[in-house]
Amino acid sequence: MFQLLGQVLQQQDSEIGMILNTLFSLAFIVYLFYAQKIQGMTMLRQIEVSLRKIKRYRDKGKNVAVEAIKDYGKPEQDPTPQVERFIEHFMIEPVSMDPAGVVQKLGSIMNVREFTFKQEVVRMAPEATESQRNNLENLLEASLVLNQFYKIIRHYYLMGKKTMNIYIIMQIHMILPMIIKQIEAYSAALQAFRDGIPIGDSVGPIVASKLLNGAPTKLVATEMMAGEIEFEGRRVIVTKAQGPGGSVGKPGDAIDFLVNREEGKVKMLITVDAAGKLEGEEVGEIAEGVGAAIGGPGVEKYKIEKAATENNVPLYAVAIKQGMEHVVAPLVEELMEATDKAVSSVKGLILDYSEEGDTIIVAGIGNTVGVGQ
Amino acid sequence: MADSDVGPLAGATQNWTTLALMVVVGAIALASLYMGFTNYGEGNMETAFMYILIGVSGFVAIGFTFFKAKPATKTQDGPKEVEVVTTLECPQCNLKRVRAFQPGDYIFKKDEPCTRCEGMMTVTRINARKDPKEKKD
């Protein structure tokens, strides 16, 4: 056929050859001037497909939150308008032009945010228990994140469509696969927070609970519990967020309180937390290191580092590796098994770097949803 | 799941009916072009022109579908929920029982009396059941 096509095109003088030549020249000219526009249109189509998917996730997040509030909270009125108001909530970070004291300012703003969220949930679900309220708060936060993702991607999509500027379209198109991965992770969190199922981030509190092994605990800071165990002649103080409702607590405050209470007796501080794995690493791999293993905006990390530095306590860390898709999704088997390995790792660190009679603090960092103490 | 939806030609290729139709139209268009050039070679100008017109129109229609067809996706109901299981163990006789997760379960909850001894069974694990279709990372 291509041979025939070649013959046709070579016969310039024929009627059909002339038409085809004109068509090819026209196509070349069109492509020369409109190639970028065609590329932009193709990318916009792909963004549109993803946007529809994100919208479904956002809507599901909102519906799950409304249904859970109705189930647990037994409100007198339909909570939908309150949920819609909640998912539009925002936080303005403090100005950092003068960095002195910015952590305290951020901490203060975050405290107000937490207080506001708790009050909103109490109003929406008056009959819910404390654990259920904590889970509902986390569920609403997941819905809020899904809503924000949807609005940001829609913003770039509409802006790209309006201007047909390839650079605006490309900005969102390039990072779309990563964003979709994050959105899928947050949509998996809806099931976990609605039902109170442990999530990937709960590995730290699970390790802490396994170390405590039923030892009595008491409240040491906001939503933070601590208990003591004896291990190979060492006194080990274990702290974690108060479960089983979804909460990360204030580990910085708890550690600061415990270190100061012990008045220089603490010889070692170990933090256990979930950590992002690199591609190629196995889910549930354990890694040991130094420093404070804690995520978030940095306020709690600052408090831990400050308490450790002021009291000259060495900081050790145990990380349990997991993918972005595992962090807020219901806990997978590999991570559940990894908690046993992490317990062994913590015990190994204690034996290697402390002596009999020493006091050690172990903090299980993360969301304690579905994990008791 | 995500990657396939944002891949090339995401909108049009999501719908298998559209895709099948496009393959059929493409095949017809290709055959028409072949017939057109063959007829041209034989000197049947009018027939050749008709066939080539049909062929070109077919390819134009396919291109148009890629850009204008309404995107359809596989999942219309949003994300799927995973199956979660609870493992209970008796600390006295080590009896182990696995059942479906029930709201209210949490790790280290003393849940129900042991069926083999006098002890209370404790929830030791709660985890999502592995999807057999899930590929390894």
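Ala189(A) touches Ala142(A) and Val328(A), leaving out residues up to four places away in sequence; contact here means heavy atoms within 4.5 Å. The model is predicted: local features need pLDDT of at least 70, side-chain atom pairs count only at pLDDT 80 or more, and totals for chains, interfaces and linings use all residues. Residues are numbered from 1 along each chain as its sequence is written, chains are lettered from A and ligands numbered from 1 in the order written, and side-chain values use heavy atoms, without hydrogens and water.

Ala189(A) sits in helix H6 of chain A. Helices (H or I, at least four residues) and strands (E, at least two) are DSSP runs, numbered from the N terminus. Is Ala189(A) buried or exposed? Ala189(A) counts as buried because its relative accessibility is 0%. Buried means under 20% relative accessible area, exposed over 50%, and partly exposed in between (1.4 Å probe, protein chains only). Gly61(A) is 128 residues from Ala189(A) in sequence, yet their C-alpha atoms are 9.4 Å apart.

**The chain as a whole**

Chain A holds ten helices and seven strands. Of its 373 residues, 50% count as buried. Take the contacts between residues at least 6 apart in sequence: 77% join residues at least 24 apart. Chain A exposes about 17700 Å², with 55% supplied by carbon and sulfur atoms. These areas come from the Shrake-Rupley method with a 1.4 Å probe; for residues, only the protein chains shown count as cover.

**Cores**

A nonpolar core is a set of buried Ala, Val, Leu, Ile, Met, Phe, Trp, Tyr and Cys residues joined through side-chain atoms within 4.5 Å. The largest has 87 residues, and those with the most contacts inside it are Ile153(A), Ile270(A), Val346(A) and Val362(A). Helix H6 (residues 166–195) gives the most to this core: twelve residues. Beyond its neighbours within four places in sequence, Val362(A) contacts residues including Leu211(A), Val236(A), Ile270(A) and Val346(A). A second, separate core has 21 residues, among them Ala226(A) and Leu269(A).

**Aromatic pairs**

Rings of Phe, Tyr and Trp (its six-membered ring) pair if their centres lie within 6.5 Å; planes under 30 degrees apart count as stacked, over 60 as edge-to-face and the rest as tilted. By this rule there are three pairs over all chains. Two of them are listed here.

| Pair | Type | Centre to centre | Angle between planes |
|---|---|---|---|
| Phe149(A) and Tyr186(A) | tilted | 6.5 Å | 50 degrees |
| Tyr316(A) and Tyr353(A) | stacked | 5.0 Å | 20 degrees |

Phe149(A) lies in helix H5 (residues 130–163) and Tyr186(A) in helix H6, 37 residues apart. Tyr316(A) is in strand E6 (residues 315–322) and Tyr353(A) in helix H10 (residues 333–353). Tyr316(A) is buried, at 16%, whereas Tyr353(A) is partly exposed, at 48% relative accessibility.
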